[in-house]
Amino acid sequence: MPSPLDLVDLPFLRDAVIELVLLAISGSLLGAWIVLRRLAFFSHAVGSATFPGLVVADASGVSPTLAGLTVGLGYAGGVQRVGRAGRDAGEATALLLVAALAGGVVLASDVFESGAVVDRLLFGTLLGLGAADLALAAAVAALAAGATLALGRTWAAVTFDPDGAAALGVPAGRADLLLLALVAAAAVAAIPAVGALLVTAIYVLPAAVARLVARTISELVVLALVVALAEGLVGLYLAYWLDVPPGPPVAALGAVTFAAVAAAARLAARR
Amino acid sequence: MSIAVRAVGVAAGYGGEPVLRDVSFEAGEGRSVCVLGPNGGGKTTLLRLLIGELRPAAGVLEVSGRPAYVAQTDRTRLDFPVAALDVATMGTLARGRWWLPAGRADRAAARAALGRVGLAAEAGTRFGELSGGQRQRALLARALVQDARVLLLDEPLSGVDPSSAALIADVFEDLRREGRTLLVASHDVESARRFDLVLCLHGRQIAFGRPADVLDGPTLKETYGSELIVLGGGGPAAVTVQHHEHAHGEERD
């Protein structure tokens, strides 16, 4: 069993710790709005949607971050347009999710024969997290903090009562688009650490756990941050110990924590 | 007295045939108007036209300033983690600075509005834990914070306890005295008698005028059709309406 101090002593693990702390900040801030706005499916889909783009980028030498952001932001814009047209975006989201995964697998296995790259794209890696990855995670965390401070009450008003918010003259469409774009950028930022398939481990599960007990939006953000930090750091240590990508242990911890807190909350409600 | 709301030949719908047509009326400052009709009669559609969420398919609609709107409480998220004070503070978004956090003055205005609707002590209570009447009053406080000249309220007394109903009626009276114009959608014939004017809708405008002129048997029968039940001698004072509850999340009235 390796020493937990390796997380700060070994340079590649130290970078991973910094990455996960930054992702926990954006994960708790944006995660609060993701669960309140019921965007969990969208955040999962937008991460997966980037998969074929990342495969092509990897094979062609294009920046994977740029490719991921292009696909993610384009997808966010499409979902916002569908929503504004009054249609249910769920079906379009599901369709794209399936198409993206299938397309990505075909591209990776038959066209570019990407091999081991696929695992890294889907489930993240402890190795090779570079300065650009950390910079993107820091930028997204700063944007999430600034946007929550500035637009938090607008997002709250639109989510709480869409009709009432429209009557207040709030630009609900633009605020929505900004939130979706931020979630898309955040999903791309999380891919190097946890992979395209498991971005929800960072952006949904901690906030979903916090949602079970939080009574205010501020409580929701703080609790989600605590849960995200704990899951991220423990998951990272488990990944190092078990020699697996970090995404799966972080996601598994999130699911177990959610089940435990949900059961405890149910028991408390019965008393 | 200047005109606060004016409609001339207005029609509106949701993409297909108009669900509301031939609406023409005027309401001056300080007047209260009950928009009366059955479910599906077009009451909510008219309110959505007035807040600008829908565009008229025909006709002209004019409103003095940006109206405040209190939707039916079942359109709000009861599981949303906000307190009554947060809800009232949302009204300050109408001042235009939607990209800034709420300031001290915003919260002070929200507290004052909560006090006006008798919810000062419940400012910190979660919206979903308030009673139906208290929730309606919290939404009314949000509208008061907007400081609008025209207030639109969709079934504000539906499912409300008597004490809340009395408080809300008092606030309406105060607002009228301040020269504000109220348009209140209701299915309740009896409550309509307390308004200055009544607008009867059933897919189109059936009648508009003072309660004494409008709330007669034939007009109500045309407005409500088979939903109308005439009690006793059948006079205008003895009518009631079978009310079918709105399905939760229903989009249209």
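**Briefing: a two-chain predicted model**

In strand E6 of chain B, B:Leu151 is the bridge partner of B:Ala68. That pairing is a handy way into this predicted model, where local features need pLDDT of at least 70, side-chain atom pairs count only at pLDDT 80 or more, and totals for chains, interfaces and linings use all residues. Residues are numbered from 1 along each chain as its sequence is written, while chains are lettered from A and ligands numbered from 1 in the order in which they are written. Helices (H or I, at least four residues) and strands (E, at least two) are DSSP runs, numbered from the N terminus.

**Strand E6 of chain B and its partners**

- E6(B) pairs in the parallel sense with strand E5 (residues 68–70) of chain B, over three bridges; two strands pair if DSSP finds at least two bridges between them.
- E6(B) also runs parallel to strand E7 (residues 181–186) of chain B, and five bridges join the two.
- On that E7(B) side, B:Leu151 stands opposite B:Leu182.
- Five of the five residues in E6(B) are buried. Buried here is 20 or more other C-beta atoms within 10 Å of a residue's own, exposed is 12 or fewer, and partly exposed is in between, with C-beta atoms placed from the backbone.
- In a regular strand the side chains alternate between the two faces of the sheet.
- In E6(B), B:Val150, B:Leu152 and B:Asp154 point one way and B:Leu151 and B:Leu153 the other, and all are buried.

**Chain A overall**

- Chain A comes to 13 helices and zero strands.
- The radius of gyration of chain A is 18 Å, close to the 18 Å from the globule rule for 271 residues, so chain A is as compact as a globular protein of that length. That radius is taken over C-alpha atoms, and the rule is 2.2 Å times the number of residues to the power 0.38.
- Along the principal axes, the C-alpha atoms of chain A fill a box of roughly 55 × 45 × 30 Å.
- Of the 271 residues in chain A, 54% are buried.
- Contacts in chain A with a separation of 6 or more are 75% between residues 24 or more positions apart; a contact is two C-beta atoms, placed from the backbone, within 7 Å.

**The largest nonpolar core**

- This core has 175 residues, and A:Val183, A:Ala186 and A:Ala190 touch the most other members. A nonpolar core is a set of buried Ala, Val, Leu, Ile, Met, Phe, Trp, Tyr and Cys residues joined through C-beta atoms within 7 Å.
- Helix H9 (residues 172–194) of chain A gives the most to the core, with 16 residues.
- Domain 1 (1–67 + 149–161 + 180–253) and domain 2 (78–147) of chain B both give residues to the core, so it lies between them. Those bounds come from an automatic or database domain assignment.
- Leaving aside neighbours within four places in sequence, A:Ala190 is in contact with A:Leu23, A:Val199, A:Ile202 and A:Tyr203.

**Where things meet**

- The contact between the chains takes 24 residues from chain A and 23 residues from chain B.
- On the chain A side that touches chain B, helix H7 (131–160), helix H8 (162–167) and helix H12 (217–242) each supply at least two residues.
- H7(A) brings the largest share of that side, nine residues.
- By class, the side of chain A that touches chain B has 15 nonpolar, five polar and four charged residues. Nonpolar covers Ala, Val, Leu, Ile, Met, Phe, Trp, Tyr, Cys and Pro, charged covers Asp, Glu, Lys and Arg, and the others, Gly among them, are polar.
- Within chain B, six residues of domain 1 are in contact with seven residues of domain 2.
- The side of domain 1 of chain B that touches domain 2 of chain B has three nonpolar, one polar and two charged residues.

**Loop residues to look up**

- Most residues other than glycine have a negative phi.
- A:Asp243 has a positive phi near 55° and sits in the loop between H12 and helix H13 (247–270) of chain A.
- A:Asp243 counts as exposed because it has 7 C-beta neighbours inside 10 Å.
- B:Glu155 also has a positive phi, about 50°, and its place is in the loop between strand E6 (150–154) and helix H5 (162–177) of chain B.
- With 25 C-beta neighbours inside 10 Å, B:Glu155 counts as buried.
- B:Asn39 is in the loop between strand E3 (32–36) and helix H1 (43–50) of chain B, and its 18 C-beta neighbours inside 10 Å make it partly exposed.
- B:Asn39 and B:His202 are 163 residues apart in sequence and 8.8 Å apart in space, C-alpha to C-alpha.
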